[in-house]
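Hi,

Here is the structure I said I would pass on.

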Amino acid sequence: MKKTLIVIDMQNDFIDGSLGTAEALQIVDNVKSKIEQYKANGDEIIFTRDTHHDNYMETNEGRHLPVVHCIEGTTGWQIRDALDTSDALIIDKPSFGYTGWDSFQFEEVEIVGLCTDICVVSNALIIKALFPEIPVRVDSSCCAGVTPESHEAALTTMKMCQVEVI
């Protein structure tokens, strides 16, 4: 069975940049180990990058979250250097959830990354809706939310929607 690891938005701005948290910083080594495990098994790895432009503050998201982040081409937009992206597909997404997952042929998906309560939950629910019969799991030790409380709430939401949380 083909396994796919999807690494959501492990970008500098979410780790220790404009929207960084101590919890996000703490999961970097766990995510690195998870990527190494998938690489060793020859499995598929996909990274997403939250991608905004200079007009971010004029967008709907910018009006609701008025913190400039992940502007394409900046250091904050880059995926953390410690994470091996070689041989991985990188998807730039302009919103919380990527809407092109239906062009993939997943057999089993594991999701890790940031932020549990925004982009991780959005992508997990989109993938589960598109592929209701395949295993979709989220490794909670490789995710962090905006707050510990919202992280836990997102994990509960995913469990309720038949996403396996490990």
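Let me start at Cys115, which is found in the loop between S4 and H4. For background, most residues other than glycine have a negative phi, and most peptide bonds are trans.

Before going further, some housekeeping. This is a predicted model, with residues numbered from 1 along each chain as its sequence is written. Local features need pLDDT of at least 70 and side-chain atom pairs count only at pLDDT 80 or more, while totals for chains, interfaces and linings use all residues, and side-chain values use heavy atoms, with hydrogens and water left out. Helices (H or I, at least four residues) and strands (E, at least two) are DSSP runs, numbered from the N terminus.

**The sheet**

How are the strands ordered? There are 6 of them in an open sheet, S3-S2-S1-S4-S5-S6, and the pairing is parallel. S3 (89-93) and S6 are at the edges with a single partner strand each, so one side of each has no neighbour in the sheet. Two strands count as paired if DSSP finds at least two bridges between them.

Going through some of the pairs:
- S1 (residues 3-8) and S4 run parallel and are joined by 6 bridges; Lys3 stands opposite Glu108 in S4.
- S1 and S2 (residues 44-50) are also parallel, with 5 bridges, and the bridge partner of Ile8 in S2 is Thr48.
- S4 and S5 (residues 136-144) pair in the parallel sense over 5 bridges, with Gly113 partnered by Cys143 in S5.

To get from S4 to S5 the chain goes through helix H4 (residues 116-130), and this β-α-β crossover is right-handed. That label applies if, with the strands pointing away from the viewer, the path from the first strand over the helix to the second runs clockwise.

S4 itself (residues 108-114) is worth a look: 7 of its 7 residues are buried, so the strand is largely enclosed by the rest of the structure. Here buried means under 20% relative accessible area, exposed over 50%, and partly exposed in between (1.4 Å probe, protein chains only). Glu108, Glu110, Val112 and Leu114 point one way from S4, and Val109, Ile111 and Gly113 point the other way.

Thr4, in strand S1, counts as buried at 0% relative accessibility. Leaving out residues up to four places away in sequence, Thr4 touches Tyr38, Glu44, Ile46, Phe106, Glu108, Val109 and Glu110, where contact means heavy atoms within 4.5 Å.

**Helices**

Helix H2 (residues 22-40) lies across S1, S2, S4 and S5, at about 135 degrees to S5. H5 lies across S5 and S6, running at about 175 degrees to S5. For these angles, axes are lines fitted to C-alpha atoms, for helices over the stretch in contact, and the values run from 0 to 180 degrees between N-to-C directions.

H5 (residues 148-160) has 13 residues and should span 18 Å at 1.5 Å a residue; its end C-alpha atoms are 19 Å apart, which agrees. The expected span is 1.5 Å times one less than the number of residues.

Which residues of H5 are buried? They are His151, Ala154, Leu155 and Met158. These cover an arc of only 100 degrees around the axis, which puts them on the same side of H5; the arc is that of the directions from the helix axis to the C-beta atoms. Their cover includes H4, S5 and strand S6 (164-165). The face of H5 turned away from the buried side carries the exposed residues Glu149 and Met160. After H5 comes Gln162, with a positive phi near 65 degrees.

**Loops to check**

Two other residues have a positive phi without being glycine:
- Asp9, with phi near 50 degrees, is in the loop between S1 and helix H1 (12-15) and is buried at 0% relative accessible area.
- Cys70, with phi near 50 degrees, is in the loop between helix H3 (60-64) and S3 and is buried, again at 0%.

Finally, Ala88 is in the loop between H3 and S3 and is buried, at 19%. The C-alpha atoms of Ala88 and Ile46 are 5.5 Å apart, although 42 residues separate them along the chain. Not counting residues up to four places away in sequence, Ala88 touches Ile45 and Phe47.

Cheers
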